[in-house]
Amino acid sequence: MICVALPGLAVSTGQGQLAGRGLEGFYREGRRLLSRCRLLVAGREPVPVQAHRTAADRVRFIGTVRISSAPGPDPDVVVERVRQADGTEWITLRNWAPRSIRLPVELSLGTDLADLGAIAAGAEGRDLPATVHDSGLRWSCANGTSSVTADPSPADALASAGVLRWEFELPPGGSRTLELRVRPGGAGPVRAVGHAANSPFAPAAARGDDPGVAAFLRASVEDLRALLLRDPTHHADLYLAAGAPWRCGLAPAEALAAARTALPLGTRLAAGTLRILARTQVTAPAPRSGLIPGPRRDAGPHLPPGSTGTEATLLFPVLLAEARRWGLPATETEQLLPAAERCLAWLRNTAGDGVYVRDPHPGGPIRCETQAHAHRAALLGADLLDACGRPGAAGLRQWAKELRSAFRRDFWIDDPGGGRPATALIVGGHRVPHLGSAAAHLLDTGLLGGGVHAPGLLDMAQTEQLARLLGSPDMDCGWGLRGLGARERGYNPFGHRAGAVRVHETAIAVAGLAAAGFEKPAGALLRGVLAAAAPFEYRLPEMYAGEQRTEGSVPVPHPAACRPAATAAAAGVLLLTTLTGIRPDVPAGTVALHPLRGTPLGEIGLTGLRVAGAPFAVRVGRLGLAMVEEAAEGLQLGV
């Protein structure tokens, strides 16, 4: 049970008690402020009966306590605990017995003030000694200080045992509430960026024949707000942390990808993320000049780890170009254009006299998805340069044309099943033949002007074959797209790059298939993800097991998945807006609608989106016809 409102975080089990095991506890900026919070009522632990997340930053636990010796199964006291990511917890005791009850209440508290990374690696420390402080307890060490204060103040505080005690007299039907405040030394309540009045996200909402769409979009937007962080030196610039609990910081490729798929909620997040990453851009001489640094990332059983820096550098001009289409103001576009030009220069320098973008280390593979990212960056970058009156567009388009020809020749593997794209080319030009979800990036070609998608690396026949493969049972497990085909060597349904369903790549596949006109596999994958969302209370993790869906089954969580995760939350926005096919071109004053005619979820309406900085609402009826219900003044419906 993870509550998130960064920089605050609370991790609990479904029991409600914090026992100090594993990751349990309240955190602030990656430091565990409280690891143990064990409640006893009349000397007994409440019997847990329900745990429910009521919002991205809040969870509610219900327990019961039986005190009387009278016959019968009914509890006497109901205990409600509401825990928030900001470090606040309310404990309410309610007497449902027919007589007054004197209730001794005890809280056992402790912490190690350990770093989240150390805890995740199994290196958490021992409980620190406490001192009585104000109306609670305080702990200190070289790592910092934390305190717990209580209202009302305890009747007794035992620092040596880390115990606070109260005694309440409750009449029949009466209740008392304890408020606990967990804080780092000298700090006040956490001010979550996502709860600010000027949130970068529009108050989007969904309605439709499928009852899950409203909860799905609501949870997606809540999780995006929960993961927002502010640049510490440029407070106006916001970005998304990669996910909780493991990755509560900036991951450049994931931050750009999530900002891109969240563009229907507004362009402010995209602008802030781009500005932050422009400040990290390498300024040293070539070959690294223009690169946005990023860590290496595991690529599964058949390839070495890949460079997320390469991915981020190629995503930067794409996000800027598409944010401009959604309504990013011209002044902000102009300010960010030099950084985008440096990314495009890095692309041309890295490709050199050849056509492929190879991994940066010597002898590195030529990855399929990297070529897709590079091709898209070149075409959308050229479009951006032309629009802003800058040179270089013709060279980028010519290089992209040469890349298309080479890719169709070198990467396509003919076989009796109709062929497939290689995952990569390795030393000697040998093809790595294993089919995985990385191939979905070949369909993500990017948005140009007039609601037109850029051409892709595959020809029409190859695109049709890839659509057939992605919709096959080997890749579509019924809950989404597997990371590696079920019949491929090395397949593991729990492998995070070897068979697990990654929500972001599934959404990319859905959007790409829909744009290419392959509605049947797009609709099947979309319905699978929405079905998987329900058992997760519509808060999708970044990945879950790629086990085959069967009647009565539910998706199996991955033990290392972030939940919430920025790319998974933003994928919810992309999946639902794909149904309506919104393709804006704000500089031209138009927006085109290309809905899925097969209406895989029936009628659907989306309100509170943002196009041209103004509210935008669209509805798709059961016959597949789309209608704009609200839009910026002067915005025309395109073809």
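Okay, let's start with a loop: Asp 359 sits in the stretch between α6 (330–351) and β23 (366–367). Keep in mind throughout that this is a predicted model. So, is Asp 359 buried or exposed? With a relative accessible area of 7%, Asp 359 is buried, since the cut-off for that is under 20%. And what is Asp 359 in contact with, once you leave aside its neighbours within four places in sequence? You get Pro 305, Gly 306, Gly 364, Pro 365 and Arg 367.

Thr 64 is in strand β8, which covers residues 58–65. Thr 64 also counts as buried, at 16% relative accessibility. Ignoring residues up to four places away in sequence, Thr 64 touches Pro 46, Val 47 and Val 49, and also Pro 75, Val 77 and Val 78. If you want a sense of distance, take Thr 64 and Leu 596: they are 532 residues apart in sequence, and their C-alpha atoms are 49 Å apart in space.

On to the helices. Let me take α7 on its own, residues 368–387.

Next, helix pairs. Two packed helices are described by the angle between their axes and the distance between the axes, so that's how I'll go through them.

Pair one is α4, residues 268–278, with α5, residues 308–326. Their axes come within 10 Å and cross at roughly 150 degrees. Anything over 145 degrees counts as roughly antiparallel, and therefore α4 and α5 get that label. The crossing of α4 past α5 is left-handed. Which residues meet there? From α4 it's Ala 270, Leu 274 and Ala 278, and from α5 it's Phe 316, Leu 319, Leu 320 and Ala 323. By class, that contact of α4 with α5 is seven nonpolar residues, with no polar and no charged ones. If you're looking at the numbering, remember that an α-helix has 3.6 residues a turn, so residues three or four places apart point the same way.

Helix α5 has another partner, α3, residues 252–261. Here the packing angle is about 25 degrees and the axes are 8 Å apart. That makes α3 roughly parallel to α5. This crossing is left-handed. On the α3 side the contact uses Pro 252, Ala 253, Leu 256, Ala 257, Ala 259 and Arg 260. On the α5 side you have Thr 308, Glu 311, Ala 312, Leu 315, Phe 316, Val 318, Leu 319 and Glu 322. Sorted by class, the contact of α3 with α5 has 10 nonpolar, one polar and three charged residues.

The last pair is α10, residues 503–515, with α11, residues 519–533. They pack at about 150 degrees, with axes 8 Å apart. So α10 and α11 are roughly antiparallel to each other, and their crossing is left-handed. α10 brings Thr 506, Ala 509, Val 510, Leu 513 and Ala 514 to the contact, while α11 brings Pro 521, Ala 522, Leu 525, Leu 526 and Val 529. The contact of α10 with α11 comes out as nine nonpolar, one polar and no charged residues.

Most residues other than glycine have a negative phi, and most peptide bonds are trans. Where do we find a cis bond? One joins Leu 6 and Pro 7, with omega about 15 degrees, and Pro 7 is in the loop between β1 (2–5) and β2 (8–11). The bond from Arg 563 to Pro 564 is cis too, with omega near 10 degrees. Pro 564 is in the loop between β29 (543–544) and α12 (566–580).

As for phi, Glu 29 isn't a glycine, yet its phi is positive, about 50 degrees. Glu 29 is in the loop between β4 (25–28) and β5 (31–34), and it is exposed, at 67% relative accessible area. Thr 599 isn't a glycine either, and has a positive phi of about 40 degrees. Its loop runs between β31 (590–593) and β32 (604–611), but Thr 599 counts as buried, at 14% relative accessibility.

Notes. Residues numbered from 1 in each chain as written. Predicted model: local features only at pLDDT ≥ 70, side-chain atom pairs only at ≥ 80, totals over all residues. Heavy atoms only, no water. Helix = DSSP H or I, 4+ residues; strand = E, 2+ residues; numbered from the N terminus. Expected span 1.5 Å × (residues − 1). Axes fitted to C-alpha atoms, helices over the stretch in contact; angles between N-to-C directions. Parallel < 35°, antiparallel > 145°, perpendicular 65-115°, else oblique. Left-handed = near helix turned anticlockwise from the far one by under 90°. Contact = heavy atoms within 4.5 Å. Nonpolar A, V, L, I, M, F, W, Y, C, P; charged D, E, K, R; others polar. Buried < 20%, exposed > 50% of the residue type's maximum accessible area, 1.4 Å probe, protein only.
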